[in-house]
Amino acid sequence: ENLAASYSQMAEVNIEQKNIPKAEENFTNAYKISKENAPQQALAINQKLTDLYVENKDFDRAIKAKKEVLKEDFVKDNSQKKVEQIQELADIYIKKNDPKEAIVLLKNAYDIALNKGHTLEAQKSVKRLDSLYAISQNTDASVQLYRDFLGKLPDLVSKDRSLVDNKILEDTEQRISQLEQEKKLKDELIR
């Protein structure tokens, strides 16, 4: 893990020195090391590598690097990570000026998010799709997309554990506050 971090830091220095091939090599080494034991770190390193490619307008290599991470078990087995990485890939296609491929990817991310109950990720895909449709002045597609999302939202929210947990937390905090108020009133009445 520390070795991967060292490679990553060397890559940052290489970028400052404008030595892009060496930065790429160091990020690649860091990625290979971290993907076995530190998948979260591997995702961050992959993002730095794809950002490096995008910055240098090397979109095909950025796409290749992002597709590589999508094949990893730690992404394939985690639907939320998978959706996030597909959205990142779509962003690269947008920067490459290939909105058609970006739309295909975002629809895929949207479907996975819907099926797996990731409300916020589904919403992100909807917003990105909407902006792509707006650019191409495809209002019908936007309206249809939002209708679909609104229609599926109640079921989606009920499936989404993170939202349910937040709601439970919110309800609990409100109840505690209410009980504290009642206790305060009771204490004042006793006096």
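The legends below describe close-up views of a predicted model.

Local features are given where pLDDT is at least 70 and side-chain atom pairs where it is 80 or more, while totals for chains, interfaces and linings use all residues of this predicted model. Residues are numbered from 1 along each chain as its sequence is written, and side-chain values use heavy atoms, with hydrogens and water left out.

**View 1. Lining of the largest pocket.** The largest pocket holds about 190 Å³ of space. Its lining consists of E24, T28, Y31, K32, N46, L49, Y53, R61, K64, A65 and E68. Two or more of these residues come from each of α2 (20-37), α3 (39-55) and α4 (59-70). By class, the lining has five charged, four nonpolar and two polar residues. A pocket is an open set of points on a 1 Å grid over the protein atoms alone, where a 1.4 Å probe fits, with protein on both sides within 12 Å along at least five of seven lines; lining residues have an atom within 4 Å of a point. The volume is the space filled by probe spheres set on the points.

**View 2. N46 in helix α3.** N46 counts as buried because its relative accessibility is 3% (buried: under 20% relative accessible area, exposed: over 50%, with a 1.4 Å probe and protein chains only). Leaving aside residues up to four places away in sequence, N46 touches Y31, A65, K66, V69 and Q85 (contact: heavy atoms within 4.5 Å). N29 lies 17 residues from N46 in sequence, and their C-alpha atoms are 11 Å apart.

**View 3. Buried residues of α4.** The twelve residues of α4 reach 16 Å from first to last C-alpha, close to the 16 Å expected at 1.5 Å a residue (expected span: 1.5 Å times one less than the number of residues). F59, A62, I63, A65, K66, V69 and L70 are buried in α4. They lie on the same side of α4, because they cover an arc of only 165 degrees around the axis (the arc is that of the directions from the helix axis to the C-beta atoms). The buried residues of α4 pack against α2, α3, α5 (73-76) and α6 (79-95).

View 4. Just after α8, Q137 has a positive phi of about 55 degrees. Helices are DSSP runs (H or I) of at least four residues, numbered from the N terminus.

Notes: Ala, Val, Leu, Ile, Met, Phe, Trp, Tyr, Cys and Pro count as nonpolar, Asp, Glu, Lys and Arg as charged, and the others, Gly among them, as polar.
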